[in-house]
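Welcome! Please take a moment to look over the structure below before we walk through it together.

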Amino acid sequence: MGLRKKFNWSRFFTTCGYTVIVVGVIFLVVALYHQIQTNERAVEENSVNISGAARYSDNAAFSDASRQRTDRVLFIASYDPTSSYYQDQITGLLSVSDANNIEFDVINMDAAKHDDPEDYAILDQTVQRRLASTHYRGVITAGDPALQYVMNHQNDFFKGLPVVFFGVIDQTLGKTAAKNPNITGYLESSHIAATLDMAKKLLPGTKRVVAIHDESALGTTEAEIFNSLSKKKQYAGLDFETLDLEHYTNASLRKAVSAYKKGTIILLMSAHVDQDGNYYTAAEITRTVSNAAAVPVFRNSKGGYSNGAVAGQVSSYRSTAAAAVRLMSRTLNGTTQLAKVGVTKSLSNSVYVANYPTMKKFNLDLDDLPSHTVLVGAPESYYAGSYKTVIYSILVILAGFVLIFVGARLDIRIRKHNEKHLKKLTNRLSFANAHDPLTAVYTRQAASKRLDELDLQDQPYAIVTTDLDNFKDINEVYGHTVGDVLLKNIAEELSDLAAAHGGAAARYSGDAFMLFFPDAELQEDDPMLHQIQNLFSRRRSVGMDTLQLRACITAANSEPGHTYKDVLLWCETAMQAGKNKGKNACIFYSQRMKQEAAAAEQTRLSVLDAIEHNGFCMVYQPQVETATGRLTGFEALARMKSGALSPGIFIPIAEENGWIQQIGRITTELTIRQICVWRNKHLTPPPVSINFSAGQLGDTDFLMFLKRCLVMYAVPVDAIRLEVTESLFIKKEQEAENFFKAAKEIGVRFMMDDFGTGYSSLSMLQRLPVSEVKIDKSLLDSHSAKKDDPFLKDVITLIHDDGKVALCEGVETKAQRDLLNALNCDLIQGFYFGKPGTPEQAEAAIRKGVYDVD
Ligand code: C2E
Ligand code: CA
Ligand code: CA
């Protein structure tokens, strides 16, 4: 339980938290964006900047004069510097003029106010003077009248000059102008349709729309656009009417307007001049009309929204103005040709504007306004609505954080919960790891760990090991289940006993236990050891039977400078001694044992030292023909130069420690070199046997080495023989077979050593690839004493029957020699003829050629 996979509430809460925060942030961003836009547009609508611009002004350059390599461009604006159109336009132009290296001179046509021929004459003169005094590289126009003006003079004033227009509502005018390859630009929407749609939404009951306009170029265009809309399906059921301001006086206008009843709406388009020639700014005409009217007044252009107009869609010319500057710049630096740039739709932002107080006055629903409508004149409380969104968003975000917090708390709780379970599990696991599953006492690893700790803390301790003598038999006789029960019982008893002495028990291996006692020092005849012995020797009943276990017990104390591994090793040494001594022993690792162990270590080291430092030499024992005493060979035997150890000791040590391969090579080379020395003295030594231990089979390159030695010392292969024992054939059959095969290819001959000892059966002899068989000394000793003992005779006959030569070693007496001679033993070796001798002694024998001790 506990760690089972279940629904992750923590993750759930955290995910929800993050989601909520993301939503909150989105809301907040939108709210803030909306807030900023609203504020910005509201400001934009309400402030009018007329800096530096003037009607027909002469020096109205809008750029930093100190700049070099700028292109001068003439900007002709249709309207007066106070109009909101112009404000937009000049802001847009200046926003990118520096970046495009363009300076502007501005001409405000003020077309709405002045469009009579006299005005145009003055405009013409101004333009001409400008063009004469300044080198303009291009012209940018804004609004329909300005474009119309450039069109009128495209072949005189502006001939060859590139012209980019924007803010042109009359689509035909724009398209016609663009037929001139030097002219192109951006068309603007009239916003009439969009404003009508807005009005219809706000006032669904509307039956009639009266559009007020004047006879200016824009006013006329707008009237045409308005009339064309009347044919559209979407406005079916709506009466379209136009009112030409130029046919009304101020008074008649107010009268006419005030007569409109509910169901009618007014669309105040471009209308600035009345019948009397009075000029109205956008603000003035809006104020006049909306004050007089009892019905809502809509506007499709900027200006008037602070003065009573209800709503409408208008343009912000900024982005289009900037686009016009960029297009002009590209044209001037040659990257774009105007002729290839078609007339484009405006890039302007269409903005919905509404007047908050007027909306309220006509009881219009703010919700019916298109989203993002800029509200003019809204009270602070209204903006608070927007702030509300901000506040809500922040609350949502906070809620998200709360969720994440809850998730995190939960996570901590879940983690703690899991940790607890994990801890429990870990405890269980570590108990399982530390305790033997069968006997529940410590495992060897756990005990080692504990002893290691004691070593680290320099704390003394004693270790007792126990090894059951006959447990294998019990398992076999009574079965493993009984064996297991016995082990369990013993473990329990040992554990109790150890605990009683402040120690603990561990299962060391199968039937071996270990007890360790921190802060204890056991004595040679410690009563506790007797207790353990008694514990084992107690009679135990198994089913109907009673049986008595026997165990070998050892004990050793820790010593400073030694680790528990040493102490265990001492116990093992003691155990070995105990087993040798006979079963059921209790051996305390004594000083003597320690000395022996130290001596053994010393011996080991001296053997290793001899191997590493050329510490061996060879002696040679003659082999002679039994009958004649003729020298037929030598056996090469290894000696330590120091004489410290006999081969009976250092050879087994080398075998145990895996050094026999090195010694094998050393003796082989020393022997072959000696043969070489003799041969160099023109002597012909008889074959010399080299002892080859079973352990040398692992030296897979030995034959290569042998061959190299033979070649190096120019010694023929038949100058040597290898003496092998039967253990070689018994232990590693396949390896031995391969070895013999390879050796045969080189031509090496073999002698079977120590025949008659060990496991050999006589029948095995036939299969062995040896040419000589050496009968072991023990056979001679035990069968040469009694007269008429047929054993030796039979062995020799068997060897002969196999076509092999028989050699008997360990011949010490004349009687033995005579016996062997009588038994037809071919060759003999032994002290009787000669002990293993130095090379010089051997050389003398070679020179003499005959051994006759008689
Ligand atoms: P081994 O191969 O059976 O060598 C014969 C041993 O019998 C030699 O003892 C030799 O000195 C001894 N011996 C010979 N004739 C008599 C005799 O008449 N009476 C008595 N009592 N002993 C006799 P050694 O030299 O002490 O060698 C003991 C064993 O050490 C050898 O038994 C052999 O197994 C091993 N050994 C000695 N040298 C080498 C070697 O170079 N390589 C290898 N692998 N083993 C060696
Ligand atoms: Ca030998
Ligand atoms: Ca031998």
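Predicted model: local features only at pLDDT ≥ 70, side-chain atom pairs only at ≥ 80, totals over all residues.

Residues are numbered from 1 along each chain as its sequence is written, chains are lettered from A and ligands numbered from 1 in the order in which they are written, and side-chain values use heavy atoms, with hydrogens and water left out.

Let us begin with the whole chain. It holds 27 helices and 29 strands; helices (H or I, at least four residues) and strands (E, at least two) are DSSP runs, numbered from the N terminus. The chain is more spread out than a compact globule, because its radius of gyration is 61 Å, well over the 29 Å that the globule rule gives for 854 residues. That radius is taken over C-alpha atoms, and the globule rule is 2.2 Å times the number of residues to the power 0.38. Along the principal axes, the C-alpha atoms fill a box of roughly 170 × 75 × 50 Å.

Next come two spans from a record. An unreviewed UniProt entry places the feature "transmembrane region" at residues 12-33 and 390-410; such annotations may be inferred rather than shown by experiment, and UniProt positions are given in the numbering used here, with feature names shortened. In the model, residues 12-33 are 100% helix and 0% strand, with end C-alpha atoms 31 Å apart. Residues 390-410 are also 100% helix and 0% strand, and here the end C-alpha atoms lie 30 Å apart.

Now find strand β15, residues 461-468, where 8 of 8 residues are buried (under 20% relative accessible area, with exposed over 50% and partly exposed in between, using a 1.4 Å probe and protein chains only). In a regular strand the side chains alternate between the two faces of the sheet. Here Tyr-461, Ile-463, Thr-465 and Asp-467 point one way, and Ala-462, Val-464, Thr-466 and Leu-468 the other. β15 pairs with β17 (residues 512-518) in the antiparallel sense over 7 bridges; pairing requires that DSSP finds at least two bridges between the strands. Val-464 stands opposite Leu-515 in β17. β15 is also joined by 7 bridges to β20 (residues 551-557), again antiparallel, and Ala-462 has Asn-557 as its bridge partner there.

Finally, turn to ligand 1. A polar side-chain atom of Glu-812 lies 2.6 Å from a nitrogen atom of ligand 1, and one of Asp-754 lies 3.4 Å from an oxygen atom of the ligand.

How values were computed:
Polar contact = N/O pair within 3.5 Å; in protein donor to acceptor, adjacent residues only side chain to side chain.
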